[in-house]
Amino acid sequence: MLSVEDTASAARDVLGSAATRIRRIDVILFAQDMENVAFDVSPSGIDMPGVRTTRKRIAVRIETQDGARGEYVGGRTDTAPQTHFIAKWIIGRDCYARETIYEDIRRWLRKEDRIGGCQIDNALWDLAGKRTGHSVSDLLGGHRGKRLPAYASTWFGGDGGGLATPEAFAEFAEECHGLGYRAFKMHGWTDGGWRRDAAAIRLLGRRVGGRMKLMHDSACHLKTFADALACGRACDEAGFFWYEDPYSDGGLAAHAHRRLRELIKTPILLGEHVRGLEAMATLTLADGTDFVRADPDLDIGITGTMKIAHFAEALGLDVELHGNGPAHRHAMAAIRNTNFYELAMVGPSRGQAVGTFYTDGYSDKLDAVASDGCFVVPDGPGLGVTYDWDFIEKHKVSHSVFE
């Protein structure tokens with residue numbers, strides 16, 4: 001049996017060996033066709049039967065000197081220049097040095113939002129899992145098992161679409177309940193008005209309140225504090241679980257949200273537009289929010305997400321992950337203080353901005369939910385998914401190689 005000293009020495013040899021050095025990084029932008037979603041009506045998209053649109057996606061492959069590979073598809077394509085910049089500077093680094101790379105990303109992109117580092121970090125976690133034969137959730141110390149309770153998170157309300165009226169939201173919530181979901185979040189209209197949002201909130205409370213946890217996400221479209229207060233009071237009447245990003249400050253004004261929290265009963269959730277651990281901590285410690293937000297596609301990957309989750313845990317607060325995908329599932333499986341997996345963005349027409357680039361049956365489609373309202377954490381090493389690289393190559397828009 002190896003001594004503690006011998007084991008540590010062996011670990012250093014493996015982690016520091018030439019074999020684990022990053023040899024090559026591919027960053028590919030590719031196009032994905034989407035049905036029943038309209039982005040020309042609203043940049044945020046609305047549920048629109050019969051409409052076809054195209055959306056770009058970003059894929060990253062990281063390869064070490066010995067041929068091991070980490071992969072990730074997801075995140076925002078508009079930050080691809082950041083991803084390129086990071087890829088250039090981490091060639092030759094040890095593939096296990098995620099903390100050091102995380103710290104370098106924070107400094108290198110200190111004048112940017114750092115979102116372009118997410119794909120790199122997530123791919124490095126996938127690589128670490130594949131090299132060691134463990135899933136990412138196991139590497140993170142998986143806590144809650146492999147089944148994640150989910151909420152259906154809708155497209156925005158829009159005239160002419162499938163979610164054009166308060167009644168349409170209520171009917172869709174009933175449909176989601178029938179599929180197994182026991183939580184439902186509506187995104188309101190984006191015209192700056194509050195009356196339709198408030199009407200939908202109250203109707204949802206009457207129709208499915210008590211059977212489903214309900215949330216409202218204004219996505220920062222309400223224009224004034226008074227409008228945000230009006231919607232917040234509707235959430236109180238309907239018994240909502242949380243009230244998210246109420247108005248147009250972008251979720252940054254801690255003072256205003258502290259005042260809003262004093263005037264309504266529904267818990268506030270902020271953080272989707274607040275980047276990184278320190279900014280999220282500052283907002284939370286200033287009493288700006290009740291729930292804390294984190295996202296592996298926005299907060300420097302799984303590494304940054306877990307830092308935010310542990311910060312929230314230290315304060316006795318819950319962290320709710322924004323968005324969906326394999327990185328989100330693995331991170332959530334390792335977090336005690338969280339409640340729901342967000343199945344975004346969904347509507348009665350079944351149009352979604354999710355991938356057709358898997359070959360193993362992985363799905364974030366609305367109808368893929370199990371009858372108990374849960375999604376399963378993928379099995380297998382790394383993120384546990386198999387990407388369809390033939391599809392990605394066939395539909396690529398650009399391909400940058402760093403080596």
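When I speak of helices and strands today, I mean DSSP runs, at least four residues long for a helix and at least two for a strand, numbered from the N terminus. Please keep in mind throughout that what we are looking at is a predicted model.

Most residues other than glycine have a negative phi. Ala219, however, has a positive phi of about 55° although it is not a glycine, and it counts as partly exposed because its relative accessibility is 27%, which falls between the limits of 20% and 50%. A second residue of this kind is Asn36, whose phi is positive at about 70° although it, too, is not a glycine. Asn36 lies in strand S1, and it is called buried because its relative accessible area is 17%, while the cut-off for buried is under 20%.

Let me now step back to the whole protein, which has 13 helices and 13 strands. Its C-alpha trace spans about 65 × 45 × 40 Å along the principal axes. How does the radius of gyration fit a compact globule? For 403 residues such a globule would have a value near 22 Å, and the protein has 21 Å, so the two agree. Of these 403 residues, 57% count as buried, and among contacts between residues at least 6 apart in sequence, 73% join residues at least 24 apart.

Next, the inside. The largest nonpolar core has 111 residues, and those that touch the most other members are Ile25, Tyr181, Phe184 and Tyr387. Strand S1, residues 22-38, gives the most to this core, with nine residues. Apart from it lies another core, of eight residues, among them Tyr151, Met215, Phe241 and Leu269. If you look at Phe184 and leave out residues up to four places away in sequence, you will find that it touches, among others, Tyr151, Phe169, Phe172, Leu204 and Met215.

I turn now to empty space. Rolling a probe the size of a water molecule over the atoms shows where such space is left. The largest pocket holds about 1,100 Å³. It is lined by 43 residues, of which Arg55, Arg76, Glu272, His322 and Met345 are the closest to its centre. The lining divides into 16 nonpolar, 15 polar and 12 charged residues. Which elements supply at least two residues each to this lining? They are the strands S2 (46-64), S3 (69-73), S4 (147-156), S5 (183-187) and S11 (341-346), together with helix H12 (326-333).

My last stop is Gly355, in the loop between S11 and strand S12, residues 374-376. Is Gly355 buried, partly exposed or exposed? Its relative accessible area is 22%, so it is partly exposed. Leaving out residues up to four places away in sequence, Gly355 touches Gln32 and Arg57. Gly355 and Val73 are 282 residues apart in sequence, and yet their C-alpha atoms are 8.8 Å apart in space.

Terms used: Residues are numbered from 1 along each chain as its sequence is written. This is a predicted model: local features need pLDDT of at least 70, side-chain atom pairs count only at pLDDT 80 or more; totals for chains, interfaces and linings use all residues. Side-chain values use heavy atoms; hydrogens and water are left out. On a 1 Å grid over the protein atoms alone, a cavity is a set of points where a 1.4 Å probe fits but cannot get out, and a pocket is an open set with protein on both sides within 12 Å along at least five of seven lines; lining residues have an atom within 4 Å of a point. Grid points are joined across faces, edges and corners, and a volume is the space filled by probe spheres set on the points. Ala, Val, Leu, Ile, Met, Phe, Trp, Tyr, Cys and Pro count as nonpolar, Asp, Glu, Lys and Arg as charged, and the others, Gly among them, as polar. Buried means under 20% relative accessible area, exposed over 50%, partly exposed in between (1.4 Å probe, protein chains only). Contact means heavy atoms within 4.5 Å. A nonpolar core is a set of buried Ala, Val, Leu, Ile, Met, Phe, Trp, Tyr and Cys residues joined through side-chain atoms within 4.5 Å. The radius of gyration is taken over C-alpha atoms; the globule rule is 2.2 Å times the number of residues to the power 0.38.
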